[in-house]
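Could you show me how to read the features of a protein model, one at a time? I would like the general idea and then the case at hand.

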Amino acid sequence: MALSRVCWARAALWGSAVPPGLYVVRRLQFVRSGLTWGAPRYLFPRQLLIQHFWTPKQQIDFLDIYHALRKQSHPEILCYLEKVVPLISDAGLQWHMTELCTKMQRGTHPAVHDILALRECFANHPLGIDQLRALQMKALCRAMLLTPYLPSVLLRHRLKTHTTVIHQLDKALAKLGVGQLTAQEVKSACYLRGLNSTHIAEERCRTWLGEWLQISCSLKETELSLLLHNVVLLSINYVGSRR
């Protein structure tokens with residue numbers, strides 16, 4: 001039982017941090033936005049080869065490109081959090097959300113208790129997964145490196161499924177222990193959860209992953225919208241992540 005849990009967790013860690021169907025979608029996005037990334041011989045390995053065949057330099061360059069894409073959605077997601085403050089019925093939770101947004105705008109990395117204090121807001125209206133609006137879901141999909149070009153009902157389903165899988169993996173990782181992971185496994189796990197770990201020291205990555213697991217393992221299934229937003233909340237101001 002323990003062995004299967006370890007194998008499951010490590011298989012997920014070694015899998016590509018970028019979902020399999022993402023390569024064609026990202027290529028289309030570059031064309032639409034008018035972005036160019038150099039000669040075709042530089043672009044094609046990222047589009048046509050899985051991550052395991054990238055050179056060490058390509059690993060860094062390509063993951064930086066993908067992270068730059070998901071960072072574009074961060075201000076939009078934080079803006080939505082500010083907009084829902086008046087919709088929160090509890091005055092205490094309103095204050096906590098305002099404080100969190102203010103800290104994020106000032107470049108402060110939030111403490112675990114700052115995030116968990118708002119779990120109730122993400123269980124129901126206005127930030128529960130079933131209450132999220134289409135534009136919010138599209139922004140969150142971009143932050144999760146999922147395609148946003150789907151109808152709302154499919155976006156919601158994909159976000160639910162993706163977040164549930166990560167939550168289950170988090171429970172397995174917590175039982176395994178972050179200390180049991182190799183440096184590469186830690187960095188892969190962090191990148192999958194929103195942190196651009198390619199430029200952050202291993203120990204800082206382990207600390208960050210520990211904070212993520214503390215939050216994730218405290219959440220109920222009805223509160224997983226908070227885990228979804230945590231991809232931005234916990235990573236945007238982390239030391240070394242602002243690239």
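This is a predicted model: local features need pLDDT of at least 70, side-chain atom pairs count only at pLDDT 80 or more; totals for chains, interfaces and linings use all residues.

Q: How many helices and strands does the protein chain have?
A: Helices (H or I, at least four residues) and strands (E, at least two) are DSSP runs, numbered from the N terminus. Here the protein chain has 12 helices and zero strands.

Q: What share of the residues of the protein chain counts as buried?
A: Buried means under 20% relative accessible area, exposed means over 50%, and partly exposed is in between (1.4 Å probe, protein chains only). In this case 48% of the 243 residues count as buried.

Q: Which residues of H5 are buried?
A: Start with the general idea: an α-helix has 3.6 residues a turn, so residues three or four places apart point the same way. In H5, the buried residues are His74, Ile77, Leu78, Tyr80 and Leu81. Seen down the axis of H5, they fall within an arc of 155°, so they line one face of the helix. (The arc is that of the directions from the helix axis to the C-beta atoms.) Pro75 and Lys83 are exposed on the other side of H5.

Q: Which helices do the buried residues of H5 pack against?
A: They pack against helix H4 (56-71), H6, H8 and H12. Contact here means heavy atoms within 4.5 Å.

Q: Which residues have the most contacts inside the largest nonpolar core?
A: A nonpolar core is a set of buried Ala, Val, Leu, Ile, Met, Phe, Trp, Tyr and Cys residues joined through side-chain atoms within 4.5 Å. The largest one has 56 residues, and those with the most contacts inside it are Leu81, Met97, Cys121, Phe122, Leu127, Trp212 and Leu233. H12 gives the most to this core, with seven residues. There is also a second, separate core of five residues, including Tyr66, Leu69, Leu145 and Tyr191.

Q: What does leucine 127 touch?
A: Leaving aside neighbours within four places in sequence, the contacts of leucine 127 include Leu81, Met97, Phe122, Gln136 and His229. Now look from the other end: glutamine 136 lies in helix H8 and is buried, with a relative accessible area of 8%. Not counting residues up to four places away in sequence, glutamine 136 touches Tyr80 and Leu127.

Q: Where can I find a cis peptide bond and a positive phi?
A: Most residues other than glycine have a negative phi, and most peptide bonds are trans. In this structure, the peptide bond from histidine 125 to proline 126 is cis, with omega near 10°. Proline 126 is in the loop between H7 and H8. Leucine 145, a residue other than glycine, has a positive phi, near 60°. Leucine 145 is in the loop between H8 and H9, and at 1% relative accessibility this leucine counts as buried.

Q: Which charged end sits over the ring of tyrosine 191?
A: A charge sits over a ring if NZ of Lys or CZ of Arg is within 6 Å of the ring centre and within 35 degrees of the ring normal. Here the charged end of arginine 70 sits over the ring of tyrosine 191, 4.1 Å from its centre.

Definitions and conventions:
Residues are numbered from 1 along each chain as its sequence is written. Side-chain values use heavy atoms; hydrogens and water are left out.
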